[in-house]
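Dear colleague,

Please find the structure below for your records.

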Amino acid sequence: MQKINSNHLLKVDGLSVSFVTRNGIARAVEDISFTVDRGKTTAIIGESGSGKSVSCYSLLGLIPTPPGKIDSGSAIFDGQDLLRLSDERLRSIRGRRISMIFQDPMTCLNPFMTIGKQLAEPLICHQRLRRGQARDLSIELLREVGIREPEVTIDCFPHEFSGGMRQRVMIAMALINEPELLIADEPTTALDVTIQAQMLSLITELQNKRDLGVIFISHDLSVVSDFADDVIVMQKGRIVESGDRSSILGSPTHPYTKKLLSAIPRGGKAVSSVRGDDPLVQVKNLNTWFSSARYRTPIRAVSNVSFSILPGEVVGLVGESGSGKSTLGRSIVQLIKPTSGSVKFADLELTKLSNSSMKHQRRFMQIIFQDPFASLNPRMTVFDTLAEPMHLHKIVENKDVTSAVFKIMNDVGLTRSSVRKYPHEFSGGQRQRIAIGRALAVRPKFIVADEPVSALDVTIQSQVLTLIQELIDEYGLTMLFISHDLSVIRKISDRILIMHKGSIVEEGSSSKIFEHPENDYTRALIDAIPGRKLQVS
Amino acid sequence: MIRFVVVRIFQALPVILAVITATFFLIRMAPGGPFDSEKAVMPEVKAALEAQYKLDRPILDQYFSYLADLGEGDFGPSFKYPGRSVNELIAAGMPVTAELGFYALIFAVIVGGLSGVIASLHPNTWRDHLPMTFAMIGICVPSFLLGPSLMLLFGVHLDWFPVSGWGDIPGDKVLPSITLGAAYAAYVSRLSRAGMLEVLSQDYIRTARAKGLSEWRVITQHALRGGLMPLVAFLGPAFAGLLSGSFVVETIFQVPGLGRFYVQAAFNRDYTMILGTTIFLSTLIVIFNLMSDVLAAWMNPRLRSELFNYD
């Protein structure tokens, strides 16, 4: 082991980074050390705010200084200390020998520049290639990362690409100068599971071909469990545990690592909560089409969908982005008017109701949205948010509103003292608790939960999932649970619907779907679940 | 693209008609008339004048006959400059006002744009605070104070530029252009600072830095285009504002532009002249707004493909 240590590709030692804030000095990273070897992957795991991104950005001089400041440490790359290089020397390494991929491919490409121009930039800037040469190389690389017809698409703008394609472009851009080290900062977090699986295999394939050292930053241990060589677990700016993959995954010693491992959703729902055989919600031949000025034919977001939900049942709806699952959820609760078909709620035909009688029915059906940052009114306190629907639907007497609000806050795990706080004072997980509380405030029978945990870190995700499960039992809820993540769906649902391109392609109990999938698309989804080894063990 | 422009023009027509109607009836409600003056005019003379300009007819009648003339592009005769039509007066004053507005706009874009971009690159340092302080002053100080101050300093004390006239002595166009452009330079400066700060915090700027590009390239190639979008959208309304708001500066510096005619017409109750200038300027405002919208759409690839490729 000692021999290998002498020729690490990158050796970070005792790195500390702090930020000057209004409330004093915040230590973002404290005394961290790790190494990366050629052809190997070092994964840095931790939740948001743990300092995992800051530590890598500071290696390349990408944190703003001030307010950021590198307090101590060294980062030896090819005999030189990155932290002590001049700006110009560092720039000649950045994008040439060490390059980066970022989390959100939607915002990381310049919307005003063609893909080709952005790809060629590192070549022109570092290797002084001519435009024509750079273009030829770019086309070649685009083909290698799996972009179809690169000769044509190279002149497209980013908005003409899907998220997965943009991330492929980002990867191509990072690899175009054949770097020795790649820093990938949550490169798949913003992507669907199936696309995520494609990206991960693309990165590992390119890594093997080019003997590339990789630092892979993620909040999700299961994502890296298939391919990381070394795993570093960070919490609050410090490394709490590190080692090779098998020891971290097999015998974690630090409680935080154990918590991360246990947060990975696995297994199915233990006890079914279904009561009765008369469906509470019945959807028949539902179609929701959108007309668009750009295309002659309407977009068939939901196409001829039929299914039913029994009282007390939790039905999971799975599909990738663009499959129409959110549109289906919103069409059921009539937030979007369906084009045709029928939605029955306790024998009442919702599609034919007038707006005012539908308003009355909303008391019984609620929706929880994905993004707790965007779906709460920033100018309303928790109390106002929770009390408003109670007033609106006259759920309780005015004098009892306060106690009813406290009861809900207690149920969703918020302390009484935060009742006068505004949404921005809460973390993502707490905000989602508020959003869930708002849905529960009218004591509904049926809830559509639209990706309620997708925007959350794994550990928070597992807490919120557990909470939802408890609330289903306590409130006797019936639920349509929408997610792109099969393992989340499996944990919470009695029955699973697989949606693909606007239609339901497979339906069945979760054990049937997982053990005997019939549809090819279902099989692809199951194969795409990261860390399957972990799930089995 | 063509459809977009045509639709926008048709949307503007009712606006312009509303402007015509409102102006027509509002000036009639103002006390006095074009042929009232301190000197008593003989009633017969006044009646004859009013008959000549159709002012004796019912007001609705006058309104519709004005609209009919307008349909043929005729703004009618001026009441105060006998023998000259409003068309001629606008044609005489407009080029001067347009030239003044153009120089003022150039001044505003160059001075405001540069100082805004420099401020955005060094936020919360003296290079930010200094231009922003000037911008604040520029917005607050009215042109009737700025104009005479510049005259005193550069015209009288330093004797660099002439203090009045237009096109007679070399350099006499400098002070009026700066006076008119100063407030707009201040707006442009604040707009481009805000736009650049917004863009510089975007993820794709971080991507550009991670590629190892020099800071100069990051700013010129990646940040400027997005950062100056708000400025482009502002250019149309700004130019229209410069044209219609130049009368104070024109009066201070004795510039023979449209603005002075406009103000005089209002004092004189020169009905057709007021109407003609108002309609002319409001049409220009609509056109310049449309032009800057099209330009802004052209600069944004996403809007460009929607507007220009799918007609």
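In what order do the six strands of the open sheet in chain A lie? The model is a predicted one, and in it the order is β6-β7-β8-β3-β9-β10, with mixed pairing. Strands β6 (98-101) and β10 (238-244) of chain A form the edges, each pairing on one side only. From one strand to the next, the twist averages 15 degrees.

Within this sheet, β7 (residues 181-185) and β8 (residues 213-218) of chain A run parallel and are joined by five bridges. Asp185(A) has Ile217(A) of β8(A) opposite it.

Helix α2 (residues 52-59) of chain A lies across β3 (41-45), β6, β7, β8 and β9 (230-235) of chain A, and runs at about 145 degrees to β8(A). Helix α11 (residues 255-263) of chain A packs on the sheet and touches β3, β9 and β10 of chain A, its direction making about 105 degrees with that of β9(A).

Turning to chain B, helix α8 (residues 203-210) of chain B packs against helix α9 (residues 215-227) of chain B at an angle of about 140 degrees, and their axes are 10 Å apart. Because of that angle, α8(B) is oblique to α9(B). The crossing of α8(B) past α9(B) is right-handed. On the α8(B) side, the contact involves Tyr204(B), Ile205(B), Ala208(B) and Arg209(B), which meet Glu215(B), Val218(B), His222(B) and Ala223(B) in α9(B). Classified by type, the residues in this contact are five nonpolar, one polar and two charged.

Yours sincerely

Definitions and conventions: Residues are numbered from 1 along each chain as its sequence is written. Chains are lettered from A and ligands numbered from 1 in the order in which they are written. This is a predicted model: local features need pLDDT of at least 70, side-chain atom pairs count only at pLDDT 80 or more; totals for chains, interfaces and linings use all residues. Side-chain values use heavy atoms; hydrogens and water are left out. Two strands pair if DSSP finds at least two bridges between them. Helices (H or I, at least four residues) and strands (E, at least two) are DSSP runs, numbered from the N terminus. Axes are lines fitted to C-alpha atoms, for helices over the stretch in contact, and angles run from 0 to 180 degrees between N-to-C directions. Contact means heavy atoms within 4.5 Å. Angles under 35 degrees count as roughly parallel, over 145 as roughly antiparallel, 65 to 115 as roughly perpendicular and the rest as oblique. A crossing is left-handed if the near helix is turned anticlockwise from the far one by less than a right angle, and right-handed if clockwise. Ala, Val, Leu, Ile, Met, Phe, Trp, Tyr, Cys and Pro count as nonpolar, Asp, Glu, Lys and Arg as charged, and the others, Gly among them, as polar.
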